[in-house]
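I opened this model to keep short notes on what I looked up. The entries follow the order in which I checked things.

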Amino acid sequence: MKSILLFGVACLVLNADLNGNDEKDADWIQSAAKRFSRSNSNEVPDFQRHVIPLLGKLGCNSAKCHGSFQGQGGFQLSLFGFDFQADHRSLTAKASSGEISRTLPADIEKSLILQKPTEMVDHEGGRRLEPGSWEYNLLVRWIESGAKGGVIRERFAQGKANEPNIQRQGASFYSNKVLPILEDHCYECHGFDSRKGNLSLVSRQRLLAGGESGPAVVTGKPERSLLMRAVRHAEPNLEMPPSGKLPKEKLAILEQWIEMGVPWAEKNMAPEESNRVLVSLDPVPREIRFDDSRPNRRLKIIATWQDGRREDVTCLTRFQTNNDSVVKITPDGLATNVGPGDTHLVAFYDNGVAAIPVLKPYFPEKKSDRPNAVVQTFSGAVNPVDRFINTKLNKLGLRPSSICSDEEFLRRVSIDLTGTLPTPAEVKGFLLDPSADKRTAKVNQLLNRTSYAAWWTNKLCDFTGCNPQSISSLLEVATEEGYRKASLWYDWILERLERNQPYDELVSELMLADLDGRNGSMPYFWTRQSLKESKDTAMSVAHAFLGIQLQCAECHKHPFDSWTQGDFVDFARFFETVTDTKRRATSREIMELKLLRSGTVRLQAGDDPRRPIMDWMKKPGNPWLARAFVNRVWASYFHVGLVEPPDQFTPANPPSHPQLLDWLTRGFIENRYDMKWLHRQITTSDAYQRSWRPNETNREDRRNFSRCIPRRIPAEVIYDAMKQVTATTDQQDAVRTNLRRRAIGHLSMRMAGTHAMKVFGKPDRSLNCDCERVNEPTLLQSIFTQNDPLVRMRIADSGWILELEDALERGQSIDHAEMADQAWVRTVGRFPADREKQRAVVHLKEAVSVSDGMADLLWALMNTKEFLLNH
Amino acid sequence: MNKFFPLLCLGILVACHDCMGQEKETVDWEAEYQKLLKTSPAIKAKIISGQTTRKDIILWLQKNKKGFEEKNKINAGKTVVGKKASPAEDGSFQKKLEDMVRMGKITAKEAADLAGALSQSQEKLSEKGKNRTPAPTSGNLGEGKSGSAPPEEKKEKVDWQAAYEKLMENPAARQKVLDSGATREQVIQFLKNRKSGGEQPQSGQKRNRTGSRKGSFRFYALVIGRLKSRDIELGEMELDVDYVISQRTKLNGDLKGKRVKLVGISGKFRDSLLKLKIGDTVKVRTGDFNPQTGILGFGYKFHVLEKTEPFQPADFGIPPNEFRGFVGTLTVKIMEANGFVLLLDAESVEPVATSRASDPASIQGGRIRIGGFFDKHKNAFEEFKKGDRIRVSVVHRNRESDSLTVGDLLTVLPAK
């Protein structure tokens, strides 16, 4: 009886959980689905809180439908819905046919916004809602209650010297009312390339300057304006447009426009923002841990607004899963486990984004008090990195692979830290070294090599966009000026990495560079010809130093982040002068700009607008600068970032190991942005030193660092490695240290665009995206390593093979087994296994000559996965 | 540390070495290298950091020595590549002046003044050349740092005539002045403007306004030669020059038969360099030439670096003598469109009255090369492809030149 009772309680709890009924202590307003479930509801929906999110949930404002730039069927909504004024205008306007209004308060059910999605009239987008449903009722109530729009924030109430509110309203008037008239009736003769009578209407300045007949308008005075006299056809010789007089409504619009002072929509005009500010979006539960007994969980999303209102917005929230092989989710928030692993569910509502961690262990977690706990062998990890990694592995029930061999470690760390293969002598020395801390010692040794600075300079050049073509003007591209400037850029960073300048100082010097290059500063980051507009510069700064992608917000609210067009426009305005002039970095006027939702900056005329951004970035609490770099460094070692992709820090893309990222970031800052400290922490961890060989638990894991994931060697490293492999014995050091002739060194810029670099994915550095570097293996790469003239040249001109020929000519005997050993050590950093060695010896004996045999052997080894992968 | 500092040190050091007459018949380069390391910490640092190597430095020292020897030979009156012979001596300058007068660029009086002035400056140069120590250059490494240094300006009263003379002593500057057709007065005005701040050259690594390397002047040429060596990493090659086609006929002749170095091959053109084999005949478009080092610079915008057939004048559109001086219209078939130059098979010719060709029909059935598709014909050029037939007006202004210049008429004809 007792067990039946317990079972009943358990079922009740489970049912409550599945249906989201754990609201008995809830302090939030019920969901819209409940409040509008009846058609006679007295509730009044809010435009921003309910109507726009509902349209988003129904897919109306998606890029495929009315959110596209052309709209759909003459009806356009802002993409992802954050331009409340424009959306309200569209929703309350007449349809493109001009016959029916989209919202008809007098005959609500005839409103197109109800008739279309219910397919009462033909709708290309199909049936989106049912008559009588809560969604339908909500829209009905909105129209009934007056179809009010968003509450626009009085952004400029306190006065903004350079951009009074009236200007914004005027700009909106211009864009929506005046510009269509000009485009339809005037631009044919006075727009873009046409300027009849020397009059152009493409900018306010040109309009005011007028044409051959004098100024076209007198601001504020339509009666004295030539334009009005012309469009009214008041004078026989001055009738515009010549095709016929404009209707009265259009004349009235033009008159009103001139009375308003001829406002113009300047570039970088963002939509007005709402006064309703979403403070937080809280999921219930905050995380989901599936087990075999509970494959389903229902999510609830609670929105908290600045005015204190809390509301269940689950029914208005869009959901997505970041990995549908782990979890799927229905539109109403029911999450269903699909397989083991960890990922996030993401909820979008208004401009809020909430990520909910989801985890399903691969194997049930072993309790630490159980004798056969799989985690016991590594629970005492010394390196804090491993503590964070192991904690998560415990949760997932994953057992990490064992530590890799010394040969694997040396090759791996040499490539990752210095972009260079170890020399045969180095391999032999390391293997013979009996000391316990030889790996740590090797890391320290590598960090002090110039090749470390060279390789990481190359990476910093990737992140910051050091591209010879983009630095130069067209004329300079015609010569080699771009290459020279790119080399100077490389050298500038190299010098700082060689003396281990703190990362924040390096960034600061780049950010605040004198644009004339005085006092040893590096101006080319700012003077790149590819940065044509301030928005380009803004995106470049955000990508290079903050690890965020702002470009979506240029045109619409960012779909996966909280950035709005307003945020983007304000951030871009910081860079107007520097981008426009490429010589001056001082603000032209007083400006008050939001700094990526981190407060407001007031700039005086003459201030360097880059300085407050740099000051903000260097603050210890800044969420981007240090984290972005830490994550990129991590991604370089593991082929996957803690945040992946590494340059997409968004709430919808949370880190796989948030505590680890926090700890490394904090440590990096506490250690005064010491890059070597960061490299050391990572490369001395067990997580980094694990074998690539999977065990029975971690074969499927690619995200939790339970084993090494083999990754293709970067383009520059492959180029250098081939050269090193074929070089003479006494040139081994020289080919590694002569940066003038290394692809990770000074050749980096000059080799960009060559076939070899393209095939292996060296980035052009022309995009604001870490994805520009391609690390994936391709068929073309195999063709390259097998047949390319470069590979053939390297082998044909191999100094090492010539060395062998010389030795033979001198009558020295060649030990084939020894040759095989050397070939293996040179290419893959280990000695061959017996079977491998036997095959090689047989081949060398059977070859026409030793040099032919060695050429074959080197070719074969350079075509192995083991050579091309870092493992 | 300024990147060029060690090179500068090297230059000064080598120059001093040369000045003091300490050269020996056989040089102990290792000792020279060690001495350099002791005297120049900057170079030592570069060696340690791997930015340059011992071998590079020694090679560089050797090249500098050779460079100075060659320059001394120049001063002794011998003609070698990179040294422009006296224009007054070879008559080409006089011819150029005549052409300029005919084209209305300068008056006859201005031409006479210019010829006189140049003759004087040449005499002065010869005088100086006898005892002059060549200015230190940095050879390949420094890409010529001393070539086009502006004249020293004094704050007190400036002798502009002397400044002009001094400017014209510089081969690169002189070539530019000649190219521009500027008069002495115009050049002096330019110098005055520059002194007053209008054209102040900046310190550091600022290059010529044309974008060419410092010490070099613009030299748009098609060079045909046999590949003697190449360095795919530094983007350099050496050619034994078979022929040069450009508007600078004197220089074309100077380069012919010489072994010259060409530098500055980067990006995708390194793939072209990689595919070439030693001994291949190569055609390459250049962008500039350094008269002091005799080094050519690769011309990026023309996109020409490829293997070609062994040089035969007719294949490359070198016009027969009877056709030189032609003015008129050609009906032609395009055989090659590259670098704003067309190589054409001539079908028919229509000379105008002013044509100076003794036998215009001599080109019929042969090949001809025309250039000058920069401005109004630029778009048309980009659409041309092999096999197109066109009717085009051309003028062969300079009979010494191997290339004709496109005129106003340019019509695409239907294929035959």
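Over which residues of chain A does pLDDT stay under 50, and how many contacts beyond four places in sequence does the model have for them? I found residues 155-166 of chain A, with ten such contacts. Here pLDDT is the predictor's confidence in each residue, from 0 to 100, and two residues are in contact if their C-beta atoms, placed from the backbone, lie within 7 Å.

Ground rules. I note that this is a predicted model, in which local features need pLDDT of at least 70, side-chain atom pairs count only at pLDDT 80 or more, and totals for chains, interfaces and linings use all residues. Residues are numbered from 1 along each chain as its sequence is written, while chains are lettered from A and ligands numbered from 1 in the order in which they are written.

Confidence, chain A. I read a mean pLDDT of 87, with 90% of the residues at 70 or more. Residues 1-24 of chain A have pLDDT below 50, and this stretch has eleven contacts beyond near neighbours in sequence.

Sheet, chain A. I looked up an open sheet of three strands, ordered β1-β4-β5 and paired antiparallel. Strands (E, at least two residues) and helices (H or I, at least four) are DSSP runs, numbered from the N terminus; two strands pair if DSSP finds at least two bridges between them. At the edges are β1 (278-284) and β5 (310-312) of chain A, each pairing on one side only. Three bridges join β4 (residues 300-305) of chain A to β5(A), and I302(A) stands opposite D312(A).

Helix α14, chain A. In this helix (residues 438-447) I found R439(A), K442(A), V443(A) and L446(A) buried, that is, with 20 or more other C-beta atoms within 10 Å of their own, C-beta atoms being placed from the backbone. Seen down the axis of α14(A), the buried residues fall within an arc of 100° (taken from the directions from the helix axis to the C-beta atoms), so they line one face of the helix. Their cover includes α12 (406-418), α13 (424-432), α15 (450-464) and α27 (675-683) of chain A.

Chain B. I noted 14 helices and eleven strands. Of the 416 residues in chain B, 36% are buried. Strand β7 (residues 327-338) of chain B pairs antiparallel with β10 (residues 389-395) of chain B over seven bridges, and V327(B) stands opposite V395(B). β7(B) also runs antiparallel to β8 (residues 341-351) of chain B, over ten bridges; L330(B) has V349(B) as its bridge partner. The hairpin of β7(B) and β8(B) has two residues between the strands, and G339(B) takes a positive phi near 55° there.

Notes. A residue is buried if 20 or more other C-beta atoms lie within 10 Å of its own, exposed if 12 or fewer, and partly exposed in between; C-beta atoms are placed from the backbone.
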